[in-house]
Amino acid sequence: MAGPTGRGRSLGAALNDLLRSQVTPRHRLSSYNARHWHAQLSKLTGTRRGHQALEDAGLHVTTQTLMNWLSDPEYNVRRSYRDIIHTAYENVAVVPAEPIPDHVKDGQFEISGTVKTGGDERDRGTPEAAPLRIDASWGHWEEIEELWAAGELTDDEFEDHFIDDIIVDDIGEGTDGWQFLGSSYSVELR
């Protein structure tokens, strides 16, 4: 029975495709695109979540002051207050990534595509060569999780960390390290 599968032009792209099919990455809400402090404040004061974000960011003004600011976009608001409004706006606009689930970190990965270690280079996942099977439960996911949470897990970073922290921890360094030089990969999670 086939499990979730990611595909991409590199191992890192296939891994990211697989991960994004399992959990939601850090992202920005498309409706939060205001640049001016007044538009940001108007958006924030329109929701309970926005009011909470203003409070969490440290905005402590009277209701009358807030009404004055909202009634006049040219009102002279101190820079420190504009910074707090901007911080609150960004905190609401950016949705944090869901954590990488245990079934991914403890899963069995089957990698199909060109795999090279030392002089051994072959296309895995074909009738001639089985997929490269990796037991991810032996790996160390901390750096991958940090990059994922920060929204900075690029395909190249994912590939590098997956090789160093997951593959090597499961089956060793290989003859001369592991290389994934192909242009088409699939990664199945079992």
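Helices, for this talk, are DSSP runs of H or I with at least four residues, strands are runs of E with at least two, and both are numbered from the N terminus. With that settled, helix 3 gives the most to the lining of the largest pocket: three residues.

A word on the model. It is predicted, so local features need pLDDT of at least 70 and side-chain atom pairs count only at pLDDT 80 or more, while totals for chains, interfaces and linings use all residues. Residues are numbered from 1 along each chain as its sequence is written, and side-chain values use heavy atoms, with hydrogens and water left out.

Back to the pocket. A pocket here is an open set of points on a 1 Å grid over the protein atoms alone, where a 1.4 Å probe fits, with protein on both sides within 12 Å along at least five of seven lines; lining residues have an atom within 4 Å of a point. The largest one holds about 150 Å³ of space, a volume being the space filled by probe spheres set on the points, which are joined across faces, edges and corners. Helix 3 (48–57) and helix 4 (63–71) are the elements that give two or more residues to its lining. Among the lining residues are His 51, Glu 55, His 60 and Leu 66.

Next, strand 4, residues 108–117. Is it enclosed or open? Eight of its ten residues are buried, so the rest of the structure largely encloses it. Buried means under 20% relative accessible area, exposed over 50%, partly exposed in between, with a 1.4 Å probe and protein chains only.

Which strands pair with strand 4? Pairing takes at least two DSSP bridges between two strands. Strand 6 (residues 132–135) is antiparallel to strand 4, over four bridges. There, Ile 111 faces Leu 132. Strand 7 (residues 185–189) is also antiparallel to strand 4, again over four bridges. Here Glu 110 stands opposite Glu 188. Strand 5 (residues 120–124) pairs antiparallel over five bridges. Strands 4 and 5 make a hairpin with two residues between them, and Gly 118 in the turn has a positive phi of about 60°.

Last stop: Asp 169, in helix 8 (residues 155–171). Asp 169 is partly exposed, at 29% relative accessible area. Beyond four places in sequence, Asp 169 touches Trp 138, Gly 139, His 140 and Asp 164, where contact means heavy atoms within 4.5 Å.
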